[in-house]
Amino acid sequence: MKTVLYRVWQCTWGILQTALGAVVFMQNFHDRHYFYHGAVITEWKNKSSVSLGMFVFVTEEPFFYEKLKNDYAKEEISRRLLVHEYGHTVQSLILGPLYLIVIGIPSTLWGFLPCCNKKRVKEQLSYFSFYTESWANSLGEKVTGEKSMENLVID
């Protein structure tokens with residue numbers, strides 16, 4: 001029942017990001033897919049991960065794993081990243097049509113703008129300390145009962 005409500009809510013209140021996610025899903029149809037707490041997970045070859053409504057695209061090879069491999073197994077990092085990305089789908093449920101403005105755009109800028117990258121490296125800030133990311137961690141952990149990325153420094 002929770003899965004049905006999750007999907008109905010994503011396809012109504014979260015229709016903008018879910019529609020975008022469906023397009024990206026179709027473009028990556030050949031990749032591995034599975035379900036996780038109602039979300040459609042795609043393991044893709046891109047080096048970063050993204051959540052669009054009920055569609056989550058997680059990297060097969062986290063670009064930051066080299067930095068963490070002495071402390072974490074690759075499987076643990078992949079699982080924590082999945083929980084984090086699932087947290088973004090919960091943000092989509094909460095924010096609906098505001099998700100892309102409140103979460104999607106700021107998160108993308110925080111992740112890819114060179115000035116933000118420099119700031120994180122210089123100050124040894126965790127990517128996951130930004131409000132969009134820390135909130136996703138918190139929601140993902142709360143809903144799944146699993147550990148998320150916490151404040152790991154990945155830059």
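## Contacts and the overall fold

Contact here means heavy atoms within 4.5 Å of each other. With that in hand, welcome to this structure, which is a predicted model.

The protein chain has 7 helices and 4 strands. Reading from the N terminus, their order is α-α-β-β-β-β-α-α-α-α-α. If we look at contacts with a separation of 6 or more, 59% of them join residues 24 or more positions apart.

## Size, surface and charge

The radius of gyration of the protein chain is 15 Å, and a compact globule of 155 residues would have a value near 15 Å, so the two agree. Along the principal axes, the C-alpha atoms fill a box of roughly 45 × 30 × 30 Å.

Of the 155 residues, 47% count as buried. The accessible surface comes to about 8,200 Å², and carbon and sulfur atoms make up 66% of that area. As for charge, the chain carries 16 positive and 15 negative side chains, with the centres of the two sets 3 Å apart.

## Helix α4

Let us turn to α4, which takes in residues 74-95. This helix of 22 residues reaches 32 Å from its first C-alpha to its last, close to the 32 Å expected at 1.5 Å a residue. Helix α4 is also mostly covered, with 16 of its 22 residues buried.

## The glycine after α4

Just after α4 comes G96, with a positive phi of about 55 degrees. This glycine sits in the loop between α4 and α5. Is G96 buried or exposed? G96 counts as buried because its relative accessibility is 0%, and the cut-off for buried is under 20%.

What does G96 touch, leaving aside its neighbours within four places in sequence? Its contacts are W13, G14, Q17 and Q91. G53 is 43 residues away from G96 along the chain, yet the C-alpha atoms of the two are separated by 8.7 Å.

## Helix α7

Helix α7 covers residues 131-144. Its 14 residues should span 20 Å at 1.5 Å a residue, and its end C-alpha atoms are 20 Å apart, so the helix agrees with expectation.

Which residues of α7 are buried? They are T132, E133, A136, N137, L139, G140 and T144. The cover over these buried residues includes β1 (32-36), α4 and α5 (99-112). Just after α7, G145 takes a positive phi of about 75 degrees.

Conventions: Residues numbered from 1 in each chain as written. Predicted model: local features only at pLDDT ≥ 70, side-chain atom pairs only at ≥ 80, totals over all residues. Heavy atoms only, no water. Helix = DSSP H or I, 4+ residues; strand = E, 2+ residues; numbered from the N terminus. Rg over C-alpha atoms; globule rule 2.2 N^0.38 Å. Buried < 20%, exposed > 50% of the residue type's maximum accessible area, 1.4 Å probe, protein only. Areas by Shrake-Rupley, 256 points an atom, 1.4 Å probe, with all protein chains shown as cover. Lys, Arg positive; Asp, Glu negative; His and termini not counted. Charge placed at Lys NZ, Arg CZ, Asp CG, Glu CD. Expected span 1.5 Å × (residues − 1).
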